[in-house]
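My entries follow in the order I looked things up.

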Amino acid sequence: MSDAARDRRIGWAAALGVLSVWVGFQLVGRIAVKQDFTPWDVAALRYLGAFLLAAPLAWHFGLPRLTPLRLAAVVATAGFGFPIFAYLGFAHAPAAHGAVIMSAGLPVATTILAWALFREAPGGRRIGSLAAVTLAALLLAADGTASPPGAWLGDIYYAAASFSWAAYTLLVKRWGLPALGTTLLIALAGAPIYLPVWWLALPSGMGAATAGEMLFQIVYQGMLASVVAGFLYTTAVARLGPGSTTLVGAMVPGRRPGGHARILHRRLSARGPGEEARLRHGLRGSDRGPGRRDRRWRAGHRGRWPLAQRRPAA
């Protein structure tokens, strides 16, 4: 087996592992903020769990050396931006919206940021596919029968979480960051920064929660969703690239609604499944390579995108 084929197999195996955690993340996060926890409490338990798992791993494997700017960028986007915006979204909007906007919308956010920051222009086929994804997501989010009052605010938080994770995705690939070391740095940085602020200044309902509920969030949000899924996702990005890896999010809506209905006692309207199917179809199309017309256009415009042609720093 060639090295390229081996990398792709490892990358897709890691991506499927991420998918299994992400499906539960939608449900577990939504349930938590509907119990006694505030979004700030769930974040605190996440950072605590991540730190408890990452500390012995960092002692054993060591940590990479990142410049202060790069460390601040990955901690701000993946460490704080994504989870906090996601938990705030769960407090205001159904998990169905999070699955579409935050997870399945990740390829759209990644494409937009790649063009805005690095001038990486997508091909015509990808633009068409992502436009279909955007339309399906907007129709589902605007479905009044599936949305409680004020869900639009949660949708904004979900979008902010998606763009935060998209930024992290692009930085991992552009800077060639190591999967395990980067994940451990993010996990170790969160607790010392966030927990004192949460303890002193943020609203909390932790006093009414049971020890079992807190332990479950520590394990799932902190150890599984943060460290394990973070490592698998960063591995997939390094071996497959941002485009293929972010497509994993398109599979989350198709695997979530059944459990969503049973656990949260909510359901999508009759239009919802059709829009989710349209969304997944669009995302599958966006993973295809450019057609001949796209390749000719790119050849004719080669050299007009200096940032896109520049190789990432080591």
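I started with charged pairs: Arg239 forms a salt bridge with Asp7, and their closest N and O atoms are 2.4 Å apart. The model is predicted, so I noted that side-chain atom pairs count only at pLDDT 80 or more. I placed Arg239 in helix 9 and Asp7 in helix 1, so the pair ties together parts that are 232 residues apart in sequence. With the cut-off of within 4 Å between a Lys or Arg nitrogen and an Asp or Glu carboxyl oxygen, my count came to 1 salt bridge.

Next I asked at what angle the axes of helix 1 and helix 9 cross. For helix 1 (residues 3–34) and helix 9 (residues 211–240), I got roughly 150 degrees, with the axes coming within 8 Å. Angles over 145 degrees count as roughly antiparallel, so that is how I logged helix 1 relative to helix 9. I recorded the crossing of helix 1 and helix 9 as left-handed. I then sorted the contact of helix 1 with helix 9 by class: 19 nonpolar, 8 polar and 3 charged residues.

I checked the length of helix 1. Its 32 residues reach 47 Å from first C-alpha to last, close to the 46 Å expected at 1.5 Å a residue. I also found a kink of about 25 degrees in helix 1, centred on Phe25.

I turned to helix 3 (residues 68–92). Its 25 residues should span 36 Å at 1.5 Å a residue, and I found the end C-alpha atoms 34 Å apart, which agrees. Where does helix 3 kink? I located the kink at Gly81, shortly before the proline Pro83, and it is about 35 degrees.

I ran the check on helix 8 (residues 179–201) too. Its 23 residues should span 33 Å at 1.5 Å a residue, and the end C-alpha atoms are 33 Å apart, which agrees. Helix 8 has a kink of about 30 degrees at Tyr194, shortly before the proline Pro196.

Last, I looked at helix 3 against helix 8. Their axes come within 10 Å and cross at roughly 70 degrees. I therefore logged helix 3 and helix 8 as roughly perpendicular to each other. Their crossing is right-handed.

Technical notes
Residues numbered from 1 in each chain as written. Heavy atoms only, no water. Helix = DSSP H or I, 4+ residues; strand = E, 2+ residues; numbered from the N terminus. Expected span 1.5 Å × (residues − 1). Bend = angle between axes of the 7 residues up to and from the residue. Axes fitted to C-alpha atoms, helices over the stretch in contact; angles between N-to-C directions. Parallel < 35°, antiparallel > 145°, perpendicular 65-115°, else oblique. Left-handed = near helix turned anticlockwise from the far one by under 90°. Nonpolar A, V, L, I, M, F, W, Y, C, P; charged D, E, K, R; others polar. Salt bridge = Lys/Arg side-chain N within 4 Å of Asp/Glu carboxyl O.
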